[in-house]
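Here is a friendly briefing to read alongside the sequence and the model. Please have both in view as you go through the points.

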Amino acid sequence: MDTGGNSLASGPDGVKRKVCYFYDPEVGNYYYGQGHPMKPHRIRMTHALLAHYGLLQNMQVHKPYPARDRDLCRFHADDYVHFLRNITPETQQDQLRQLKRFNVGEDCPVFDGLYSFCQTYAGGSVGGAVKLNHGLCDIAINWAGGLHHAKKCEASGFCYVNDIVLAILELLKQHERVLYVDIDIHHGDGVEEAFYTTDRVMTVSFHKFGDYFPGTGDIDDIGYAKGKYYSLNVPLDDGIDDESYHFLFKPIMGKVMEVFKPGAVVLQCGADSLSGDRLGCFNLSIKGHAECVKYMRSFNVPLLLLGGGGYTIRNVARCWCYETGVALGVEVEDKMPQHEYYEYFGPDYTLHVAPSNMENKNSRQSLDEIRAKLLDYLSKLQHAPSVQFHDKPPDTELPEADEDQDDPDERWDDDSDMDIDDRKLLRCRVKREVDNNELKEQENQKGNAENTKGYDTAEDDTTFPVKLFIQLYGLDVGSLAINEPSVKVEQENTNKPADQL
């Protein structure tokens, strides 16, 4: 296991990084409905800018492998995933009770292809984490991801599946500590809630607080039990500008990196904190927003960049295009190239837009108080936590065809979290248990039972992936639970008769 805090081989901040970029051409076709502010079309606009600025040729471009049911169930309840898979606009009127139970219908509407949309954006984030875990890139990008409000058993704030939690769980297979940073204008409540009681994931959210969705993220919400001081919240008021934002962001994040020493960083780059956002009330420029990406990149730690909010879609595309350039270490020129969505960016047709002259309601005194309080919280963390265990969950392999379809003889319970190799191993051990029991009966008949001794392997490595989620993450894995075999393995006895060996 990585001990955390390792620098990338790419060297100092000015050196280009190896970047993996995840994009599905179909993602822009999903439609939340007329008048809904969330528009997946913004991802397609971003991709078009990247193509015409020539940035795609500097990256590995991957189509994400869709997340499977069992991948989503690593965090989400199986009945919730089953509901998302089966609900359609045509059948929703017959499932009003379920719609209410899972908070689907208003902010989170049912639309054509809903489950495929969830599989796509979650697959991109988990795929990025897998690439980082295998050391195949320094930075992974999935602008379709970053849906930070989704909970274990319900949708929330335009988010159905929490791809961020799934990606962090993947990163935890390789890294002892993972840092999550959220610069969306809304509090990253779903991610904070998932890791509120663990010291292996630190969550830091910069957000508008006070009579604003989702209403959580008070500065005094700092985590619980082992997770105390591992959740940090930076509550901000309307109109915050670049200077005020980085007066907080840089010293706080610098101290977090120094004290927590993460092995990997996940940065949610919600663009609704930009000036002029349809739902937002901050006053950040695109360069000010991207400065957060540049700063986190400078620590040379494996970095996963995700999207999030952002409802003035021309500015969302501008922002994420520019931040892709920051990730690559490429300066993107302001004059926009001709492309299929060129008319969206008139009348100036430039990448950057000037912030407004709105009032900054964040006084220097209030910023000083916030900074001092959060730095005080961080001073209580004397050392980065260390995780001691002798095994880890099996690494997620790079996507291939589903083994259940390839070999019907190797089928297993879909809810099981064990790999095929683990299943073969388990069957072998169960078979050995039967054989050994027969040997034991024969020996008992001959009066030689005292020569046989066994040891219990209930903590067998085949069951460890399930135990990890229960013991370390504090999550109810629901359908991931399996019946542990009580397997006895006989020690070899050199005194056995030859016909029994």
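Predicted model: local features only at pLDDT ≥ 70, side-chain atom pairs only at ≥ 80, totals over all residues.

Residues are numbered from 1 along each chain as its sequence is written, and side-chain values use heavy atoms, with hydrogens and water left out.

**Overall fold**

- The protein's secondary structure amounts to 14 helices and 10 strands; these are DSSP runs numbered from the N terminus, with helices being H or I of at least four residues and strands being E of at least two.
- Of the 501 residues, 56% count as buried, where buried means under 20% relative accessible area with a 1.4 Å probe and protein chains only.
- Taking contacts between residues at least 6 apart in sequence, 79% join residues at least 24 apart; a contact means heavy atoms within 4.5 Å.

**The sheet**

- Eight strands form an open sheet with parallel pairing, in the order β2-β1-β3-β8-β7-β4-β5-β6; two strands pair if DSSP finds at least two bridges between them.
- The edges are held by β2 (60-62) and β6 (231-236), and each has a single partner strand, so one side of each is left without a neighbour in the sheet.
- From one strand to the next, the twist averages 15°, with axes fitted as lines to C-alpha atoms (for helices over the stretch in contact) and angles running from 0 to 180 degrees between N-to-C directions.

**Around strand β3**

- β1 (residues 19-22) pairs with β3 (residues 139-142) in the parallel sense over three bridges.
- Along this pair, Val19 stands opposite Ile139, and Cys20 has Ala140 as its bridge partner.
- β3 also pairs with β8 in the parallel sense, over four bridges, and there Leu303 is the bridge partner of Ile139.
- In a regular strand the side chains alternate between the two faces of the sheet.
- In β3, Ile139 and Ile141 point one way while Ala140 and Asn142 point the other, and all are buried.

- Helix α5 (residues 114-133) touches β1, β2, β3 and β8 (303-306), and its direction makes about 175° with that of β3.
- Helix α11 (residues 364-379) touches β5 (201-208) and β6, and its direction makes about 180° with that of β6.

**Two loop residues**

- Thr312 sits in the loop between β8 and α10 (313-328) and is buried, because its relative accessible area is 10%.
- Apart from neighbours within four places in sequence, Thr312 is in contact with Gly276, Asp277 and Arg278.
- Arg200 belongs to the loop between α7 (189-194) and β5, and its relative accessibility of 2% is why Arg200 counts as buried.
- The C-alpha atoms of Arg200 and Phe260 are separated by 9.2 Å, although the two are 60 residues apart along the chain.

**Cavities**

- There are three cavities of 30 Å³ or more; on a 1 Å grid over the protein atoms alone, a cavity is a set of points where a 1.4 Å probe fits but cannot get out.
- The largest cavity has a volume of about 60 Å³, a volume being the space filled by probe spheres set on the grid points, which are joined across faces, edges and corners.
- Its lining consists of 14 residues, with His148, Cys159, Gly308, Gly309 and Tyr311 nearest the centre; lining residues have an atom within 4 Å of a point.
- By class, the lining of the largest cavity has four nonpolar, eight polar and two charged residues, with Ala, Val, Leu, Ile, Met, Phe, Trp, Tyr, Cys and Pro counted as nonpolar, Asp, Glu, Lys and Arg as charged, and the others, Gly among them, as polar.

Methods:
1 Å grid on protein atoms, 1.4 Å probe; cavity = no way out; pocket = protein on both sides within 12 Å on 5 of 7 lines; lining within 4 Å. Buried < 20%, exposed > 50% of the residue type's maximum accessible area, 1.4 Å probe, protein only.
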